[in-house]
Amino acid sequence: MSKLKPWLSAFRLRTLPLSVSGIIIGTCFAFYSGNYNTAIFVLAILTTVALQILSNLANDYGDGVKGTDNNERQGPERAIQSGSITPAQMLEAIKVNILIVIVLSLLLIYMSFGQGNLLYSLLFIVLAGLSIYAAINYTMGSKAYGYRGLGDVFVFIFFGLVSVMGSYFLYANKIDHNVVLPSISLGLLSVGVLNLNNMRDIDSDILSNKITLAVKLGKQRSKTYHLALIFGAILVSLVFSILYYTSPLNFLFFVAYIPLIIHAKKISKAKTASDFDSQLKVLALTTFLFSVLLGVGYIL
């Protein structure tokens, strides 16, 4: 058990609800359109969780070997930083995790498209490869995109657009326009989680030469950017609820606006790293709540 504990910590289980939020929205809309499949849902969840764990391990390794995770960094101590897992052990775990993601992705693709949609299968094999690349190269390697201020773009694409529209496509074998705005809203909130993390680490990242978008913008403009992400997500989802109204239950996700607005107020007043860190779990869980209520509101 003592050997398992550092690995569970490295997996960063608290990040998993956010990672499956897009799958939940895509699945609910597939259910609404009559295209739901339990096997696809289970495999999509497992694949997404495996990708998120891969990303967490790769981030631990990349920041650990580059010295970005040091005593100046706020937030939970990482595995390599603490010495509980060696870089060599972490690298082996990353390799194993890549194999797991590949197997799950191929099973998911086969379950979705069978043998009759070769073009779709090839498209999603490429997409799976890009997802693995995105998970690994946020902090790993000499050209890690997270060190060049590009993390926000990748998070918006993969946690928002790909997660929602991609999962819906796996069920329906097509993209319907009603999933576009929810994917944008989720993407904006997911970028908000990353930006919050980067605002917390802005001082230590500057010392480590990790150039996130928060570092480029500075603390004050990063806060303005963060508020734009939160209220942008609210506005986009509000427009969606009006354009695609079918019943009063569609407005169920408005409940999530309350913690989002409270969160925005707290961030506008935040000053220290701990102020930002205390809001990370709040925003991640609120985003998950937003996704569940939005999806469920359309199938009740």
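The structure is a predicted model, in which local features need pLDDT of at least 70 and side-chain atom pairs count only at pLDDT 80 or more, while totals for chains, interfaces and linings use all residues. Residues are numbered from 1 along each chain as its sequence is written, and side-chain values use heavy atoms, with hydrogens and water left out.

Tyr257 belongs to helix α13, residues 257-269 (helices are DSSP runs of H or I with at least four residues, numbered from the N terminus). With a relative accessible area of 10%, Tyr257 is buried (buried means under 20% relative accessible area, exposed over 50%, and partly exposed in between, with a 1.4 Å probe and protein chains only). When neighbours within four places in sequence are left aside, Tyr257 is in contact with Ile234, Ser237, Leu238 and Phe290, where contact means heavy atoms within 4.5 Å. The side chains of Tyr257 and Ser237 are joined by a polar contact of 2.6 Å. Such a contact is a pair of N or O atoms within 3.5 Å; within protein, one must be able to donate a hydrogen and the other to accept it, and residues adjacent in sequence count only if both atoms are side-chain atoms. A polar atom of the Tyr257 side chain also lies 3.2 Å from the backbone oxygen of Ile234.

His226, located in helix α12 (residues 219-243), is likewise buried, its relative accessible area being 0%. Its side chain reaches the backbone oxygen of Gly192 at 3.5 Å. Beyond four places in sequence, the contacts of His226 include Asn195, Met199, His263 and Leu283.

Helix α4 (residues 38-65) and helix α7 (residues 118-136) have axes that come within 7 Å and cross at roughly 35°. Axes are lines fitted to C-alpha atoms, for helices over the stretch in contact, and angles run from 0 to 180 degrees between N-to-C directions. Leu51, Leu54, Ser55, Ala58 and Asn59 of α4 meet Ser131, Ile132, Ala135 and Ile136 of α7. By class, this contact has 6 nonpolar, 3 polar and no charged residues.

The largest nonpolar core has 80 residues, and Phe29, Met90 and Ile94 have the most contacts inside it. A nonpolar core is a set of buried Ala, Val, Leu, Ile, Met, Phe, Trp, Tyr and Cys residues joined through side-chain atoms within 4.5 Å. Helix α4 gives the most to this core, with 11 residues.

Technical notes. Helix = DSSP H or I, 4+ residues; strand = E, 2+ residues; numbered from the N terminus. Nonpolar A, V, L, I, M, F, W, Y, C, P; charged D, E, K, R; others polar.
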